[in-house]
Amino acid sequence: MHKLSVILATFNEEKNLGPCLEALKDIADEFVIVDGTSTDKTVAIAKSYGARVLVRQNEKIFHINKQKALDMARNEWVLQMDADEIVSKELAKEIMQVITMTKEELEAYQEKLPNKKLFLRHQKLLADRDGNIGTEGGDYAAFFIPRLNYFLGKYLRYGGVYPDGVIRLIKKSKSHFPCVSVHEQIAVDGRVGWLQHDLLHMADPTFERYLKRNSRYINLIVDELKQEKHVSAFAYMVTLPLGWFFATTFRHKGILDGWQGVTFSFFSALRFPRAYLRYKKQK
């Protein structure tokens with residue numbers, strides 16, 4: 001029987017952590033949580049589920065605390081989660097099936113994925129942005145999970161938002177977080193496959209939460225702009241936001257997600273001028 005460690009890095013997640021752990025309690029052999037010195041009830045909730053908790057500083061690159069949680073995991077198979085994500089019963093069952101499969105069974109499973117073409121196309125886009133993801137041959141050492149993002153009352157399926165693949169199921173001995181950038185992929189020494197059932201990401205149930213999360217990412221863009229030798233005002237104020245809005249709303253059919261899809265595209269596009277104005281103010 002293969003055992004599963006579930007790891008998280010948390011900071012003030014009392015509203016989300018309970019549902020996240022509740023959905024996993026029947027398949028997790030252990031919960032390991034590295035908390036960034038939360039000021040709410042996050043740690044108490046974690047301990048109520050029997051989690052091993054390490055409290056330390058809240059890092060700007062949260063992968064640092066994720067790596068510490070990974071180091072603490074006792075099992076080879078690890079599911080790394082964010083507190084605002086929920087594993088469905090179907091996905092939980094699939095996870096436990098996959099970690100018990102032989103190499104041959106995994107090969108057959110990957111060939112029969114219903115959304116294989118969509119998943120591989122998404123993976124190629126990520127590889128073009130981030131570099132190689134895993135290896136072409138060898139044993140499977142990690143798996144992407146498609147993610148449905150919740151925005152103001154609706155799970156978004158268009159606008160380039162889905163499948164939003166995230167590497168979540170990994171072998172501890174074959175994986176590590178580079179801890180260089182908040183946008184980085186976990187590094188995997190082995191093949192990376194896909195699971196077929198969706199991970200539910202309760203990203204933005206309220207507009208207030210969306211703006212707060214969006215502001216954090218804008219600050220990261222500002223940090224990147226500070227490293228550039230030349231920053232084009234016209235690009236960040238005009239061409240990038242307009243290009244993003246029309247591409248996500250029409251070419252990627254975000255409009256099919258209704259007003260939520262259009263709103264998401266609009267405010268996602270605004271991150272470019274907002275980042276530029278914040279950058280100029282700090283400079």
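Which residue in β2 is the bridge partner of A9? I looked this up to begin with, and in β2 the partner is V34.

**Entry 1: what I am reading.** This is a predicted model, in which local features need pLDDT of at least 70 and side-chain atom pairs count only at pLDDT 80 or more, while totals for chains, interfaces and linings use all residues. Residues are numbered from 1 along each chain as its sequence is written, and side-chain values use heavy atoms, with hydrogens and water left out.

**Entry 2: strand β1.** I noted that helices (H or I, at least four residues) and strands (E, at least two) are DSSP runs numbered from the N terminus, and that two strands pair if DSSP finds at least two bridges between them. Strand β1 (residues 4–10) runs parallel to β2 (residues 30–35), joined by 6 bridges, and it also runs parallel to β4 (residues 77–81), joined by 5 bridges; S5 has V78 as its partner in β4. I then checked burial, where buried means under 20% relative accessible area, exposed over 50%, and partly exposed in between (1.4 Å probe, protein chains only). In β1, 7 of the 7 residues are buried, so the strand is largely enclosed by the rest of the structure. In a regular strand the side chains alternate between the two faces of the sheet. Here L4, V6, L8 and T10 lie on one side and S5, I7 and A9 on the other, and all are buried.

**Entry 3: an open sheet.** I found 4 strands in the order β5-β13-β7-β8, with mixed pairing; the edge strands are β5 (85–87) and β8 (154–156), each pairing on one side only. Strands β7 (residues 147–151) and β13 (residues 199–204) pair in the parallel sense over 4 bridges, and R147 has L199 as its bridge partner in β13. Helix α7 (residues 207–225) packs on this sheet and touches β7 and β13 (contact means heavy atoms within 4.5 Å), its direction making about 90° with that of β13. For such angles, axes are lines fitted to C-alpha atoms, for helices over the stretch in contact, and values run from 0 to 180 degrees between N-to-C directions.

**Entry 4: D204.** Leaving out residues up to four places away in sequence, I listed what D204 touches: Y150, F151, L152, R209, Y210 and R213.
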